[in-house]
Amino acid sequence: MDGPVTASTATPSLPAPRPALDLRPGLLLAGFFALYTLNAWQRDFWAPEEPDFAAAAKEMSASGDWLVPRIAGQPFFEKPPLLYWLGLAARAATRLDPHAAYRLPVALFAVLGLWVAYLAGLKFFNARVGLAALLIQGTCLWFLENSSCYLTDTPFASAISLSVVAFGLALWREPKAARWKWIGFVGLAASCLAKSPLLGPYLIAAPLLLFLLFYRKNLSLLLDLQRLRPGLGLALVLLLVAPWYVWLFMKHGGDFFREAFFEQHFGRLAGAESHRQPGWYYLLQLPAGFLPWSLFLPLILFYSQAHFRRTEVKLLVLWMVVTFVTLSLISSKQGKYLLPMLTPLALLTAAALLETRPESIWEGYLAQAAWRVFPWAFKALAALLLAAGALQIAGLAPAALSWFDLRLEE
């Protein structure tokens, strides 16, 4: 007979195996980076905005003055300097043609935005939702259009996404991990230097404050904010952002303030001279820019309403709604301005399609109906992209676009 098991004869417990490293996010991110940089060196800078930014960067390089953007010798204060600095740094590091080198940091920011979507999906839901959100955001039309252009919109949107997600993790999901709040402040600083020192902080702070008001009903808002160490955090942001603004103001005074702040911010708020559109403009643009995933917009709205009581859904819905409403109230509008809302939109799409916690039978019906239509819509979009690629290879794309513009004018 076997005797009793003693401490000396007991089988030692083995440590739990480490979870296998998931390579799928890395492979997807590498694939998207290759897609966004594909043929970048053979594409000219597209009017109207890319040539201006490229000219300002080229003049910075030629003059050696990396502080004052200029075009044809005249100061150009339309945007902060981050896009120029990164383009010039990429050119110096890689020695690539400017068409590729200047666009390289934009593609990297696009990949950063996709990683943020995956991270938020993983932390707020699960890995499946994170992977799906990465794929959805990376393949929607607006993101594909702007991830390989030398423009400020993609870096601005990715910086905002990084900051909101990091602050969300610091406030709610992982409050003991100190790194998230500092990452949030770095994202805030990047948004100020990428495009706007006023709009960026607002699009980050407003949804987070509303989230705290909804989420922390029984606790002090001040205690939640204190956990972010706002004094040190804002000091870090000022350390990164203020020197350039102070230097330009000291050097150019009222001219800099008038163009960089009044014309580019307050002027566009209500009296934009270019890209002026009515308040409902984005209601029509969003379904087009979110293709091929626009078929799921009714499901997203239903899912958001049905699951709003859940903390993760609440944060994403408030983030999406604040961004959409704010940008709709600004008179100057372009489809690419909505890029900061693509991350919460992609996450809500992925969660609505893949989560197994339905609140209503209608969620299943809507998802099934959308999935029936989606393959045909995806095939139509693929055919359109293949046709566009064939025209580009044949050198007929400019002629085709000119013909299309003429038809629109008629």
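**Two helices in a predicted model**

Good morning. The axes of helix α4 (residues 98–124) and helix α7 (residues 153–173) come within 8 Å and cross at roughly 25 degrees; axes here are lines fitted to C-alpha atoms, for helices over the stretch in contact, and angles run from 0 to 180 degrees between N-to-C directions. This is a predicted model, in which local features need pLDDT of at least 70 and side-chain atom pairs count only at pLDDT 80 or more, while totals for chains, interfaces and linings use all residues. Residues are numbered from 1 along each chain as its sequence is written, and side-chain values use heavy atoms, leaving out hydrogens and water.

Since angles under 35 degrees count as roughly parallel, α4 and α7 are therefore roughly parallel to each other. Which residues meet? On the α4 side they include V106, F109, W115 and F124, and on the α7 side P155, L162, V165 and W172. By class, this contact (heavy atoms within 4.5 Å) has 14 nonpolar, four polar and two charged residues.

I turn now to confidence. The protein chain averages a pLDDT, the predictor's confidence in each residue from 0 to 100, of 81, and 76% of the residues score at least 70. Where pLDDT is low, the predicted coordinates should not be read in detail. Thank you.

Conventions:
Helix = DSSP H or I, 4+ residues; strand = E, 2+ residues; numbered from the N terminus. Parallel < 35°, antiparallel > 145°, perpendicular 65-115°, else oblique. Nonpolar A, V, L, I, M, F, W, Y, C, P; charged D, E, K, R; others polar.
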